[in-house]
Amino acid sequence: MTDTHRSQSSHPGQSFETVAIHAGNTADPLTGAVVPPIYQVSTYKQDGVGGLRGGYEYSRSANPTRTALEENLAALEGGTRGLAFASGLAAEDCLLRTLLSPGDHVVIPNDAYGGTFRLFAKVVSRWGVEWSVADTSDPASVRAAVTPRTKAIWVETPSNPLLGITDITAVAQIAKDAGARLVVDNTFASPYLQQPLALGADVVVHSMTKYMGGHSDVVGGALVVDDPSLGEELAFHQNAMGAVAGPFDAWLVLRGIKTLAVRMDRHSENATKVAELLTRHARVTNVLYPGLPEHPGHEVAAKQMRAFGGMVSFQVEGGEEAAVEVCNKAKLFTLGESLGGVESLIEHPGRMTHASVAGSALEVPADLVRLSVGIESADDLIADLQQALG
């Protein structure tokens, strides 16, 4: 695994932890407040007709709190432009409507968040955009899925919920050869563990609801790009369509990001211990965690990630009902959707987050349980799983 992350753009030479705390967080010029204020405002007094004060006129177009977050996002991912949205799916929708036109084609992964699949299958397809599925952990499968009309290749790594790993550099070359954009959903890794733009991706997507916010108290999404012209196009569509992050939500994510590095270290440490316990349990038939040496994507993950993250999935003997029983019996692991908060969560993807992919090429195993391993005591988390598994 890489042992250091340095900013790729506006903060050369500074480590990730430093950039996370300081990028975009300029002291307030009026009071000296070290935390950016929450500009809970819709409009701004202008210096004459057409004379914007500081570039602000209306908070859908720009808001100082959101600007601080967007500058921070760009710095963390080593990009030139960051954009903050009301949700991860709002960010994805803006991206797809910016990149694609009727008749275009997209390659999507065979393991992806159910909401992303629903966006392609039920919304974008009605607009005349076609898509096909590939195993993105296999570059040959991606290459075979590309057509002359392919404008984007979509990747999640690690993927949701099967924790598949895609070689970003390899797939970036395939996208480049095809004249397509490579989009990487970096939600599971966070920019602390992985920086796709430095590996050749064109766009990074985040659900900021997850590890970026980190406290299960905010919903948000983000896009980060390195190409300034693409950044301008995305900003135009963001303003035209309007699904922007509100100032309080932006402030909450900024606060969460300041502790992202220390949280991700603990998430990864705890998840490793949980995964190792699960591999030894008699009722567990398969453990999906890229930190395990036997995981098929382990070597690639070790090459492109700082650590292996806080998400663990596993399969249990007894099928779907047994998996549901484990979810219901957990006590410290809270039964709930979402992920990435400081508290541990457990869910049954087939009936919960991935119900929308039932019957499709992305359908998940019925005996699968997904864990978002939090930052509590690892011993307590292991004890809870042991009693839930029986």
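**Basis.** I am working from a predicted model, in which local features need pLDDT of at least 70 and side-chain atom pairs count only at pLDDT 80 or more, while totals for chains, interfaces and linings use all residues. Residues are numbered from 1 along each chain as its sequence is written, and side-chain values use heavy atoms, with hydrogens and water left out.

**Cysteines.** I looked for disulfides, meaning pairs of cysteine sulfur atoms within 2.5 Å, and found zero in the structure. I then looked up Cys94, which is buried at a relative accessible area of 1%, and Cys327, which is buried at 3%; buried means under 20% relative accessible area, exposed over 50% and partly exposed in between, with a 1.4 Å probe and protein chains only.

**Strand β9.** I took strands as DSSP runs of E with at least two residues, numbered from the N terminus, and counted two strands as paired if DSSP finds at least two bridges between them. In β9 (residues 311–316), six of its six residues are buried, with Met311, Ser313 and Gln315 on one side and Val312, Phe314 and Val316 on the other. I noted antiparallel pairing with β8 (residues 284–288) over four bridges, where Val284 stands opposite Val316, and with β12 (residues 368–372) over five bridges, where Gln315 stands opposite Leu368.

**Strand β6.** In β6 (residues 203–207), five of its five residues are buried; Val203, Val205 and Ser207 point one way, and Val204 and His206 the other way.
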